[in-house]
Structures are given as C-alpha cells and as structure tokens.
Amino acid sequence: MGSALETLCGQAYGAKQYHMLGIHTQRAMLTLLALSIPLAIIWFYTSTILIFVGQDHEISTGAGIFNRWMIPSLFAFALLQCLNRFLQTQNNVFPMMVSSGITASLHILICWVLVFKSGLGSKGAAMAITISYWINVFLLALYIKFSPACMKTWTGFSREALHDILSFVKLAVPSAIMICLEYWSFEMVVLLSGLLPNPKLETSVLSISLNTCWMVYMISVGLGGAISTRVSNELGAGHPQGARLALCVMIIIALSEGTVVGISTILVRREWGKLYSNEEEVLLEDVDGRNYVHLSILGLIML
C-alpha cells in the first residue's frame, strides 16, 4: 500500500506542492500502522493456520515461532516504506543508501550475537531483523527531521493528514492487491511444497531458489522505484513526453540488466547453492531446478 505514495508524492513534488509530500506520507503512515494490527494477529497464529491447511507440523511450529518474534517488525516496516517513498519521490536517495548501508553493517553483528552467541536460533534471527528495521526507521526519521533538504516537504505533523484518508486507500488498495498477488504466486509454491512426500527437502530447495529470485528482484524494485518517481514527477510538472521518454529508457535498462543477471546465474548455478546448504541432496535438487529459476528471473525483471 505504501507504493501509492510514489504516485501521490511524486506528482505533488512535480507540481511544486511541497508541503503535500509530508501530508501524504503521514496519511500513509497512519493507514499502514492501522493495517499492521490485523496482520500481527494473523502472524501470531501462523502455526495454527499452517497446520490447518495441512503443512508439516514441525515446519509449521518453527514458522509460527519465527513470525511471533517478527511481529514488531511489521510496524517498523510500515513506517520504513513511507519514509523511503517520501525521500525517493524527491530524488533524494543518497540518505536512503547510507541508512541502508549502516543498517546492513549493523545487521551482520546483530545476527551474529542473537543467532549464534546467544543461542536463540530462529528467534534471534527474527529479533535481529526487527531491530535492524527499527534502526533504519530511526536513522531516516532523524534525517528527515533535521536535514535542510526536507524543510519544505516535512513541516511537522499535521491534522490535515487525518482528512481524506479514503482517497489514499482507494489508490493504495489496488496497488497492494497487485503486489500481493505477485508475491503470493511465489509463496504459494512454498506452501504446495509442504504437501509433497519430503516437505523438508522440497522447502529447503525452494527457499534457495526463491531467495535467489528475491535477491534479483530487489534490482528491479530499485529500477521500478526510479522510473515511478521520474514518471510521476514529469506528469506532476505537466510533461507527458518526458514521462514517456523515461519509460522507454528504463525498458532498455531492464532488458539489459535481465540479460546480464540471467547469464550470471547460469554460470554459477553449480556453486550458488553451497552458500545456503552443505547437504548433497539439497544441492543436487537445487541444480536441477535452477533452469526454472532463470526463466523466473527474466520474468521478474520485466515486472
């Protein structure tokens, strides 16, 4: 739902209605935080839901424990999406890069402490993710609050954000449905793998393949965010031809990037799985399924 800000904030920035960026962002923050509450309830009962749909009991229990410890990250992620879009639509991406770099560096240390040194295992991993999300939110919030670059676009919290929330929801819901269907089409494969004769093996193999897809997908997400910002800025400024030109350029970049990444994954297909597992059976299955991953990667780039 936060992707609706790419349109709203982007057009407001292009039209030089700078104060509206803060209003739109606050409106989105309120909406996403409210939405996080029912999602948190679903996450709390993850194991019960998975067992109900026929998943392996041990895997379901582990997933349920992990998700319960991940619940605080829902609220951090909601805020992070809004703050990222707020800066992105102003073409102010360097602070986001620095914040993400600092967070990623700290995340390695936090994971090492909570997963290995403390012996918390998957609980520690969930806690590490949650802490890292909140660190990222805190860093971006500090930048927005004190940076001169955001003086015109962030003028403090306003009651105006409480009004016309429905207009944001009308744009955000279709966007959320589109993205959710895209994500769920992949996650559904994981659920189906849990119904196979050897669910632990199949889910292990699929986790490697899907993690590879999501890693590559982050590149296309970055490209998509860039073109979304550019197009909305141009449209807000009343330059439809500039928006069309930006789209054509991005299509060429996406095709080139997809070709390079596709070839790269083919070249390392026999070694890539070793980064995730040292079990021979998992590695053999992963190599066999790698050809399908290449096709998925090309599709993800175009999306």
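Surface patches are made here of residues with over 30% relative accessible area and no salt bridge, where like charges are joined within 9 Å and nonpolar side chains (Val, Leu, Ile, Met, Phe, Trp, Tyr) within 5 Å. A salt bridge is a side-chain nitrogen of Lys or Arg within 4 Å of a carboxyl oxygen of Asp or Glu, and accessible areas come from the Shrake-Rupley method with a 1.4 Å probe, only the protein chains shown counting as cover for residues. The model is predicted, with local features needing pLDDT of at least 70 and side-chain atom pairs counting only at pLDDT 80 or more, while totals for chains, interfaces and linings use all residues. Residues are numbered from 1 along each chain as its sequence is written, and side-chain values use heavy atoms, without hydrogens and water.

Leu35, Ile37, Leu39, Ile41, Ile42, Phe44, Tyr45, Ile49, Phe52 and Val53 together form a nonpolar surface patch of about 950 Å². Helices are DSSP runs (H or I, at least four residues), numbered from the N terminus; α2 (19-44) and α3 (46-52) each supply at least two residues of this patch, and α2 gives the largest share, six residues. Ile41, one of the patch members, lies in helix α2 and counts as partly exposed because its relative accessibility is 48%, given that buried means under 20%, exposed over 50%, and partly exposed in between (1.4 Å probe, protein chains only).

Asn91, in the loop between α4 (57-88) and α5 (94-117), has a positive phi of about 60° although it is not a glycine, and with a relative accessible area of 49% Asn91 is partly exposed. Asp164, in the loop between α6 (122-146) and α7 (165-193), likewise is not a glycine and has a positive phi, near 60°, but Asp164 counts as exposed, at 51% relative accessibility.
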